[in-house]
Amino acid sequence: MESSSATPGVSTRREATRQKLYEAAVTLIAEQGFSATTVDEIAERAGVAKGTVYYNFASKSVLFEELLRHGVGLLTASLREAAERTAGQGGTKVDALDAMIRAGLVFIDRYPAFTQLYVAELWRTNRAWQSTLMVVRQQAVAVVEDVLREGIANGEFSDEIDVPLTAAALVGMVLVAALDWQAFQKERSLDDVHAALSRLLQGRVSGRR
């Protein structure tokens with residue numbers, strides 16, 4: 001999973017190593033589960049020494065927690081960029097939400113294993129990183145909440161909207177639809193899936209205009 005930025009020198013090399021470890025961890029854990037995945041396997045898959053894993057992360061749990069932070073951080077950044085780009089082009093808040101839906105689908109298409117892990121972890125309550133997961137989840141949802149609030153303020157959306165619940169529903173819609181697409185409807189293109197969700201967003205499912 002690529003970082004959104006890099007710094008020169010040693011930091012760049014360390015970031016590159018962490019990227020390898022994230023890729024290895026997310027692939028292995030998606031294949032065989034967190035408990036069954038060992039640090040030795042992560043190191044071997046990443047092509048580094050076992051000590052390198054512990055140099056970068058105190059434990060396998062810390063590595064996974066940071067993986068969640070990293071992955072959801074990339075998703076959040078892509079959603080925010082989509083909203084800001086639409087605003088810069090003079091688009092409406094519905095346009096911004098539509099662009100964010102597409103950005104989410106692009107992210108999930110690029111990182112399906114991470115998305116599967118993220119959704120699975122949302123349902124677990126006994127993990128050491130549960131509080132971290134809730135924080136990073138809220139960061140992603142908050143980007144959608146901001147657009148909804150701006151739409152209410154400018155009169156584009158009804159002030160009766162429950163902003164937190166609506167934002168969570170939109171994010172959840174993208175996650176669930178994309179995972180269903182990846183698992184059961186691979187013959188569909190990203191454009192197909194985006195078009196279907198766009199119709200839902202814009203209220204064009206009933207056929208009435």
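R137 sits in helix α7, where helices are DSSP runs of H or I with at least four residues, numbered from the N terminus. The model is predicted: local features need pLDDT of at least 70 and side-chain atom pairs count only at pLDDT 80 or more, while totals for chains, interfaces and linings use all residues. Residues are numbered from 1 along each chain as its sequence is written, and side-chain values use heavy atoms, with hydrogens and water left out.

Apart from neighbours within four places in sequence, R137 is in contact with V72, Y118, L122 and A168, contact meaning heavy atoms within 4.5 Å. Between R137 and A43, 94 residues apart in sequence, the C-alpha to C-alpha distance is 28 Å.

Among the buried residues of α7 are L133, V136, A140, V144, V147 and L148, along with the charged E145. An α-helix has 3.6 residues a turn, so residues three or four places apart point the same way. The cover over the buried residues of α7 includes α4 (60–88), α5, α6 (112–122) and α8 (163–184). Just after α7, G155 takes a positive phi of about 85°.

**The α5 and α9 pair**

Two packed helices are described by the angle between their axes and the distance between the axes. For α5 (residues 93–110) and α9 (residues 190–201), the angle is about 145° and the axes are 10 Å apart. Axes here are lines fitted to C-alpha atoms, for helices over the stretch in contact, and angles run from 0 to 180 degrees between N-to-C directions. The crossing of α5 past α9 is right-handed, meaning that the near helix is turned clockwise from the far one by less than a right angle.

On the α5 side, the contact is made by V94, L97, D98, I101, R102, L105, V106 and D109; on the α9 side, by L190, D191, V193, H194, L197, S198 and L201. By class, this contact of α5 with α9 has nine nonpolar, two polar and four charged residues. Ala, Val, Leu, Ile, Met, Phe, Trp, Tyr, Cys and Pro count as nonpolar, Asp, Glu, Lys and Arg as charged, and the others, Gly among them, as polar.

| Residue | Relative accessible area | State |
|---|---|---|
| H194 | 13% | buried |
| L197 | 6% | buried |
| A195 | 27% | partly exposed |

Leaving out residues within four places in sequence, H194 is in contact with D98, I101, R102 and L105. With the same exclusion, L197 touches I101, L105, M173, V174 and A177. A195 and I101, 94 residues apart in sequence, are 9.9 Å apart, C-alpha to C-alpha.

**F57**

F57 is in the loop between α3 (50–56) and α4. With a relative accessible area of 1%, F57 is buried. Beyond four places in sequence, its contacts are R18, L21, Y22, V62, L63 and E66. The C-alpha atoms of F57 and L21, 36 residues apart along the chain, are 9.7 Å from each other.

Key:
Helices (H or I, at least four residues) and strands (E, at least two) are DSSP runs, numbered from the N terminus. Buried means under 20% relative accessible area, exposed over 50%, partly exposed in between (1.4 Å probe, protein chains only).
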